[in-house]
Amino acid sequence: MCGIVGYVGPEEAAPILLESLRRLEYRGYDSAGIAVVDPVGTLRTLRRAGKLVELEQVVDADSPTGTCGIGHTRWATHGPPTEENAHPHRSQDDTIALVHNGIVENAPVLRDRLEEAGYAFRSDTDTEVVVHLVEEAYRTADSLEEAVVRALEQVIGAYGIAVVSSRDPGKIVVARNGSPLLLGIGSNGEYLVGSDAAAVIAHTRDVVYLNDGDYAVLEPAGYRTYHLSEGAVRRHVHEVTWDLAAIEKGGYPHFMLKEIFEQPRTLEDVTRGRLLEEEGSVRLGGITLADRELLAIKRIVITGCGTSWHSALLGEYMIEEFARLPTKVEYASEFRYKNPVVDEDTLVIAVSQSGETADTLAALKEAKRRGARTMGIVNVVGSSIARETDFGVYLHAGPEIGVASTKAFTSQVVALALFTLYLARRRGLSILNGRRTVQAIRALPGQVEEILAQDEAIQALAARYEDAKNFLYLGRGFQFPVALEGALKLKEVSYIHAEGYPAAEMKHGPIALIDERMPAVFLAPNDPVYQKVVSNIEEVKARAGRVIAVVSNGNGELEMKADDCIHIPETLPHLLPVLSVIPLQLLAYHIAVRRGTDVDQPRNLAKSVTVE
């Protein structure tokens, strides 16, 4: 969940480390720190609690020099976000500094042993255990990398680490097991480390993704990659295809708003080269199964977390309705703890924006262990889930920096719609229905543009509801997962309590909450359950509830019943979620801005959840 950076090369390290940390601050912003080995071989460590600006001020004042260093931006797991718990953590003799992303599961046992051996701990973190293990091993090791390897042999858990030492200046040792880490391969003796490509893109597009069990040594003379059990290994260099502008705000006040407005383009990108209108089907180059193998699948399980779980639920609805395959959605965080029923006739689909979500990756590995076929729907090329699955579909949505996912959600829904059509056409869906679906998918970017043009009206709506303490989001059929997603967006960025519910279930409990202070957001576009939703709206209005309705263009009926209406274009029912969620994203954003919250970096949240 935290962000790791590192630099070794001909330039001063501190400014580059700070620049890289700015790119990764969405991964954690409780505290931050850097460690630099200066020209005389002294290790300088600077840390601060709070956001990165606090660290920037102390680095500007202190001006540490040196061309080799590491940095970290933290999302707290062990211990509160204090300066003492901020990374990098140092060895007892202050010659080694280490940054860490992950959780050391056997930290209490190791800590007890190290304390008995005379090591004094200065923090509440599990990370400090690792740096003392490295220090202990370095007493007899011939090199820093040997000491790191010996230390990791004692560690149980997930980690991505970077280590420097004044005893071995000009060298960074990194290692990965369960937490993402990559190397940036620059020119003229310049090498970088990052938790993701955003950390290195300002300096190089060439990256090496480390696998679980890998470690690497970076020096101005070059880099070497190893595996803990296999020795020296070769890892391929990949090219990052997006540029620096993709992780800048581009004139928008927040990344979240920028990414909401990017959705017409990202919806084009997820479909580019994939739509076959004449055949009424799609081309998915990442699907490597032959048709006979696809037809042999008897059951599908889709797994994800948070927003990805909501898109997965829409995937379940689509696949069952059109491909007629039994499909179930599982929370990735629960999947491997419940003895799941999967076998060689099951396809398990992992949905994750980052491709690094720890729970989803663990669920995927459990499915593979049980013999299931595996597929990934991810945004980040070269990510762990992309490399772990048998095949998959990339979203091509570009970097998503805002912690609250927006463009990734709609791209995931469309990717699942494409896969559904791919399956359905091989399982009996007519070419006419296939063509209708392709045409409707092709129209989505322009329809999203129409909704975004209502932004000012939605801002005015936000002004009327910003003081609400609670919200209820209600939908039926394909709109129920949208209700869940709308409620999640509002909770994430505005800190207003909100719940998503199936509209018909409201009368089985939640209707007790309805009064004039409780806004109810109804998803009520023209679809097969529209009249049922109208009945649910009547139930709320009969109890003095305030109703915000998302309705299809031209709907005059609900203009008379609801307090406020937002209009969206019409499309096929299973594609309506791509449109109906856009107003909810804008509503959440504008309410949050009016309430003065940090929209891009909501409290207690981080973008990529790489710890369990």
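1. Pro88 sits in the loop between strand S4 (68-74) and strand S5 (89-90), where helices (H or I, at least four residues) and strands (E, at least two) are DSSP runs numbered from the N terminus. The peptide bond that joins His87 and Pro88 is cis, with omega at about 0 degrees. The model is a predicted one, in which local features need pLDDT of at least 70 and side-chain atom pairs count only at pLDDT 80 or more, while totals for chains, interfaces and linings use all residues. Residues are numbered from 1 along each chain as its sequence is written, and side-chain values use heavy atoms, with hydrogens and water left out.

2. Two residues other than glycine carry a positive phi and may deserve a look in the backbone geometry. Asn188, in the loop between strand S9 (182-185) and strand S10 (191-194), has phi near 55 degrees. Asn188 is exposed, with a relative accessible area of 72%; here buried means under 20% relative accessible area, exposed over 50%, and partly exposed in between, for a 1.4 Å probe and protein chains only. Arg324, in the loop between helix H9 (307-323) and strand S19 (327-331), has a positive phi of about 60 degrees, and at 61% relative accessibility Arg324 counts as exposed.

3. By the rule applied here, the count comes to 40 salt bridges, a salt bridge being a side-chain nitrogen of Lys or Arg within 4 Å of a carboxyl oxygen of Asp or Glu. One of them pairs Asp94 with Arg122, the closest N and O atoms being 3.5 Å apart. This pair links distant parts of the chain, 28 residues apart, with Asp94 in the loop between S5 and strand S6 (96-104) and Arg122 in the loop between helix H3 (107-116) and helix H4 (127-138). Asp94 is partly exposed at a relative accessible area of 36%, and Arg122 is partly exposed at 37%.

4. Within helix H7 (residues 263-271), Arg265 and Asp269 lie four residues apart, about one turn of the helix, and their side chains meet in a salt bridge of 2.8 Å, N to O. Arg265 is partly exposed, with a relative accessible area of 38%, whereas Asp269 is buried, with a relative accessible area of 13%. Both residues belong to a network of salt bridges that links Lys258, Glu262, Arg265, Asp269, Arg272 and Lys407.

5. Helix H16 (residues 480-494) has 15 residues and reaches 21 Å from its first C-alpha to its last, close to the 21 Å expected at 1.5 Å a residue, where the expected span is 1.5 Å times one less than the number of residues. Because 14 of its 15 residues are buried, H16 is largely enclosed by the rest of the structure. Tyr495, which follows H16, has a positive phi near 65 degrees.

6. For helix H13 (residues 407-426), the 20 residues should span 28 Å, and the end C-alpha atoms are 29 Å apart, which agrees. H13 is mostly covered, with 18 of its 20 residues buried, and just after H13 comes Gly428 with a positive phi of about 110 degrees.

7. The axes of H13 and helix H19 (residues 576-595) come within 10 Å and cross at roughly 170 degrees; these axes are lines fitted to C-alpha atoms, for helices over the stretch in contact, and angles run from 0 to 180 degrees between N-to-C directions. H13 and H19 are therefore roughly antiparallel, a label given to angles over 145 degrees. The contact (heavy atoms within 4.5 Å) is made by Phe409, Thr410, Val413 and Val414 of H13 and by Val578, Val581, Ile582 and Gln585 of H19.

8. Asp564 lies in strand S27 (residues 564-568) and, at 13% relative accessibility, counts as buried. A polar contact of 2.6 Å joins the side chains of Asp564 and Tyr465; a polar contact is a pair of N or O atoms within 3.5 Å, where within protein one must be able to donate a hydrogen and the other to accept it, and residues adjacent in sequence count only if both atoms are side-chain atoms. Leaving aside neighbours within four places in sequence, Asp564 is in contact with residues including Leu461, Arg464 and Val547.

Methods
Parallel < 35°, antiparallel > 145°, perpendicular 65-115°, else oblique.
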